[in-house]
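Have the sequence and structure open as you read.

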Amino acid sequence: GPHPTSTSFSTIAMEGKVGWGPKWQHVPMAPVDPILGVAVAYNADSSPNKINLGIGAYRDASGKPIVLKCIKEAEKKIANDPAMNKEYLPVQGLDPFLKVTSQVIFGKQSKALAEKRVAVVQSLSGTGALRIAAEFISMYAPGKPCVYISNPSWGNHHNIFRKAGLKTVTYRYLNPQMGLDIEGMLADLAAAAIGSVFVLHTVAHNPTGVDPTPEQWKRVADVCEKKRAIIIFDTAYQGYATGDLDKDAYAVRYFSDERGLELMVTQSYSKNFGLYGERIGALNVACADEETAVKVRSQLNGIVRPMYSNPQLHGARLVAGVLSDERLSAMWQQELTDMSQRIVDMRSALVGSLNRIGCPPPSAKFSSWNHITSQIGMFAFTGLSPQHCDQLTKKHHIYCTRNGRFSMAGINPSNVERVAEAIKDCIQGSRL
């Protein structure tokens, strides 16, 4: 018979059924990201005195973002090189970058690198490296292991692993006085199932700025070994924490060289090269032997290809360009020292200002503000309550995440007094 025309359907009967109205009206509004939400609120504030202590990005002493001199020089070289083009990179990334990136974290003397047993792929910075690692674990770790993340940790850690279909739980990390709760941490990791995933922060723990000592790392390694854990060292602040790349890589090198442990290491060049928006990083997987590393790399490529095909070119050229040039490398080391020293200076300045005006500690758990100067890295975990933070924003136009994390780069000589006064006002106001 004749084909029914579309009008012969009773479209009216279909009306109430899903899929026959506008497409996405049932989609709920997503919650605001706690860190990125701070920036949105800050940008919407018209106060000339507003201060942003939310976002983890470096600012100079006058509050401005900077491009490192070594990066500007590397960019000039690229711009003036007639042989440069914009062709696609291979799936795993830019070869000269891949060579140097593993050396930066494992060290030039690394046994794992000498034995060619580190599989490495370039990634969309640290977040991308973690996501590739999570997908790989989800595909190949026996029985979808549980992922152990410090409490507190970076806000995105849980979501990244959950998106790959893995379950996350927390391990204890901080004691009430803002020191490392090493016994709690070890007990929680020791209670994990064999083959669990342990996410560790290589240096400058985010958000606390509290790191294990070498002696404590030894005990963490013991538990990792006993539990045959899948170890992930997340590295966002190498060189930025102390100004010394080698010192900041201590934990990874100890686990890899001294203990011979297999591990995954994610790297971000956002902070230490100031390449935030270039999204440049890497995932390293140190395996038991070269044959395994070759297979692992092939599977990492298999994850990247359907996700975003291949990585970004410019940032990789810049990092490789600086690290393959002795003069630019030396310039970078100096700039790292300068950046990390400014953060250290601002910690002292803030604590000095708080003490000078007689500001009481954030709560009864603290005898002083010295936790701010003993922490390292980009952030100060202040101990201020969510209510204190709300007051700082509402009354004083100072923006930070509600867990009391300050990005110390947002503090400079011209605003440190005002931040201290505001903190005092909020703490005293809450005690009235």
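How many disulfides does the count come to? Taking a disulfide as a pair of cysteine sulfur atoms within 2.5 Å, the count is 0. Before going on, note that this is a predicted model, where local features need pLDDT of at least 70 and side-chain atom pairs count only at pLDDT 80 or more, while totals for chains, interfaces and linings use all residues. Residues are numbered from 1 along each chain as its sequence is written, and side-chain values use heavy atoms, leaving out hydrogens and water.

Back to the cysteines. Cys 146 is too far for a bond because its sulfur sits 15 Å from the closest cysteine sulfur, that of Cys 224. Cys 359 is in no disulfide either, with the sulfur of Cys 426 the nearest at 9.4 Å. Cys 359 has 7% relative accessibility, so it counts as buried (under 20% relative accessible area; exposed is over 50%, partly exposed in between, with a 1.4 Å probe and protein chains only).

Next, a strand. Helices (H or I, at least four residues) and strands (E, at least two) are DSSP runs, numbered from the N terminus. Strand β2 (residues 118-124) has 6 of its 7 residues buried, so the rest of the structure largely encloses it. Its partner is β8 (residues 280-286), antiparallel over 7 bridges; strands pair if DSSP finds at least two bridges between them. Val 118 bridges to Ala 286 of β8.

Leu 180 lies in the loop between β4 (168-172) and α8 (182-190), and at 13% relative accessibility it counts as buried. Leaving aside residues up to four places away in sequence, Leu 180 touches several residues, including Tyr 173, Met 185, Val 210 and Gln 216, where contact means heavy atoms within 4.5 Å.

Now the helix pairs. Axes are lines fitted to C-alpha atoms, for helices over the stretch in contact, with angles from 0 to 180 degrees between N-to-C directions.

| Helix pair | Axis separation | Angle |
|---|---|---|
| α8 and α9 (residues 214-226) | within 10 Å | roughly 10° |
| α3 (residues 69-79) and α14 (residues 326-356) | 8 Å | about 150° |

So α8 and α9 are roughly parallel, while α3 and α14 are therefore roughly antiparallel (under 35 degrees is roughly parallel, over 145 roughly antiparallel, 65 to 115 roughly perpendicular and the rest oblique). Among the residues making the α3 and α14 contact are Cys 70 and Ala 74 of α3, with Leu 328 and Trp 332 of α14.
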